[in-house]
Amino acid sequence: MCTGADIKATVGDVSNDGNLNTAQEECSRKGFCSMRHGLAFILQLCNFSICTQQMNLSIAIPAMVNNTAPPSQPNASAEWPSTDTQDYWNETLKEFKAMAPAYDWSPEIQGVILSSLNYGSFLAPIPSGYVAGVFGAKYVVGAGLFVSSVLTLFIPLAANAGVALLIVLRIIQGIAQVMVLTGQYSIWVKWAPPLERSQLTTIAGSGSMLGSFIVLLVGGLLSQTIGWPYVFYIFGRIGCACCLLWFPLIYDDPVNHPFISAGEKRYIVCSLAQQDCSPGWSLPIRAMIKSLPLWAILVSYFCEYWLFYTIMAYTPTYISSVLQANLRDSGILSALPFVVGCICIILGGLLADFLLSRKILRLITIRKLFTAIGVLFPSVILVCLPWVRSSHSMTMTFLVLSSAISSFCESGALLNFLDIAPRYTGFLKGLLQVFAHIAGAISPTVAGFFINQDSEFGWRNVFLLSAAVNISGLAFYLIFGRADVQDWAKEQTVTHL
């Protein structure tokens, strides 16, 4: 972490615009050792944990419905006689796998189970976003992380008890996860300087892609060796451990943080001095309903998350069924698009802030350009995907490119709500999550229906529909999207409501 003397020297007197710009340039160069970037990396870890809990069922479900005999161990061939240690290890693995039951779930039932995480999520985003915005995000996010992590540990027991109980548990878990994903954005209202907003939020958000990469990388291996229940046991415990880091180190306001330097605290406060970040108890609901820029973001969220949830839920199934990969290889291959996406999310945030700080492009141009890139290219790639299914290398290349390019949306429309109404960040993020989870509840179910009807042409229809939805949302956003603070989000407007 930077010392207080270092930052004090770089910030200096930031009461005038010239000194503030100089301070911003200096802090931008030294920012990664700052407390605000430390906060971003802690949030990255929390998002990592939440995403592993969202994804673990997607990678485990091929093993949960596969009732075939366990594959032979690679060292147990006739030419390489197994040693006593290897025999003991193989017997131990068989005992573990014998404890992992398999279930007779049709593709439609699988789609319902995968979608159930989003069924209860319509209720939680708006209240949790509002509460986090007014009272602070620390305890809202921490409580959601803890509840979701504990419930993850009980998924194997719920699956044994029946589909109905598993769906109920997943619904409650989805509500807890929404508290984390929604509430965290209220923190950035008081922690993120305007010229660092994209990079800080994308660093934190990249944890989701990193979590997807890790759970897909090791989830298949765990399912194939010691059994699918350990996918839930391991990542549930990691989430509980994250809670021990969250509560003592996270504060809603840099003014109250015990470890932040005086220089960095002054820099953050001064950089946000021109922005009205104070949350309001009253909400200009009527003005929000009439706001086309807000509707542009809402529609964009729905459309982009339609594709996101389809890919997140069905990438392992697509690779295992179409490419005929085993569980271990399916997990490794499914992880590749997400690790590339994790890197590209951060790079996209850095590029967006660079273009803005150097005044190369206006903020609205950056948001629309990044959204267009993140929607058009992945849509075209996914439409072409069924025609290259005969080539494993081309299929994986297309999946990786789609994930990498779509990550540009994180610095585009998906971040735009922070620009148009910073004082209502928590509430708006909750509202946006409702639209995202509506898409998440519908898209995997629709995908499961198409695949169940026709396994060959079903995938083509899934990708065509996702591309059509995505491009429709882009067109609406390009027409009506804005990046300036809306009149209804300004303090003088709210006082008249």
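**Figure 1. Residues 394–418 are 60% helix and 0% strand.** The model is predicted. In UniProt, an unreviewed entry lists residues 394–418 as a "transmembrane region".

**Figure 2. Residues 430–451 are 100% helix and 0% strand.** Here the end C-alpha atoms are 32 Å apart. The unreviewed UniProt entry lists this span, too, under "transmembrane region". Other spans in that record include residues 200–222, 228–251 and 332–357.

**Figure 3. Helix 20 and helix 21 cross at roughly 150°.** Helix 20 covers residues 425–453, and helix 21 covers residues 457–480. Their axes come within 7 Å. Angles over 145 degrees count as roughly antiparallel. Helix 20 and helix 21 are therefore roughly antiparallel to each other. The crossing of helix 20 past helix 21 is right-handed.

**Figure 4. Val446, Ala447, Phe450 and Ile451 form the helix 20 side of the contact with helix 21.** Helix 21 contributes Gly458, Trp459, Asn461, Val462 and Leu465. By class, this contact has seven nonpolar and two polar residues. No charged residues take part. For residues 457–480, the label "transmembrane region" comes from the unreviewed UniProt entry.

**Figure 5. Helix 15 and helix 17 pack at an angle of about 40°.** Helix 15 spans residues 292–322, and helix 17 spans residues 363–384. The two axes are 12 Å apart. Angles under 35 degrees count as roughly parallel, and 65 to 115 as roughly perpendicular. Helix 15 and helix 17 are therefore oblique to each other. Helix 15 passes helix 17 in a left-handed crossing.

Figure 6. Sorted by class, the contact of helix 15 with helix 17 has four nonpolar, two polar and one charged residues. The unreviewed UniProt entry gives residues 292–312 and 369–388 as "transmembrane region".

**Figure 7. Leu157 sits in helix 8.** This helix runs over residues 155–161. The relative accessible area of Leu157 is 54%. Exposed means over 50%, so Leu157 is exposed. Pro229 is 72 residues from Leu157 in sequence. In space, Leu157 and Pro229 are 9.0 Å apart, C-alpha to C-alpha.

Methods
Residues are numbered from 1 along each chain as its sequence is written. This is a predicted model: local features need pLDDT of at least 70, side-chain atom pairs count only at pLDDT 80 or more; totals for chains, interfaces and linings use all residues. Side-chain values use heavy atoms; hydrogens and water are left out. Helices (H or I, at least four residues) and strands (E, at least two) are DSSP runs, numbered from the N terminus. Buried means under 20% relative accessible area, exposed over 50%, partly exposed in between (1.4 Å probe, protein chains only). Axes are lines fitted to C-alpha atoms, for helices over the stretch in contact, and angles run from 0 to 180 degrees between N-to-C directions. A crossing is left-handed if the near helix is turned anticlockwise from the far one by less than a right angle, and right-handed if clockwise. Contact means heavy atoms within 4.5 Å. Ala, Val, Leu, Ile, Met, Phe, Trp, Tyr, Cys and Pro count as nonpolar, Asp, Glu, Lys and Arg as charged, and the others, Gly among them, as polar. UniProt positions are given in the numbering used here, feature names are shortened, and annotations may be inferred rather than shown by experiment.
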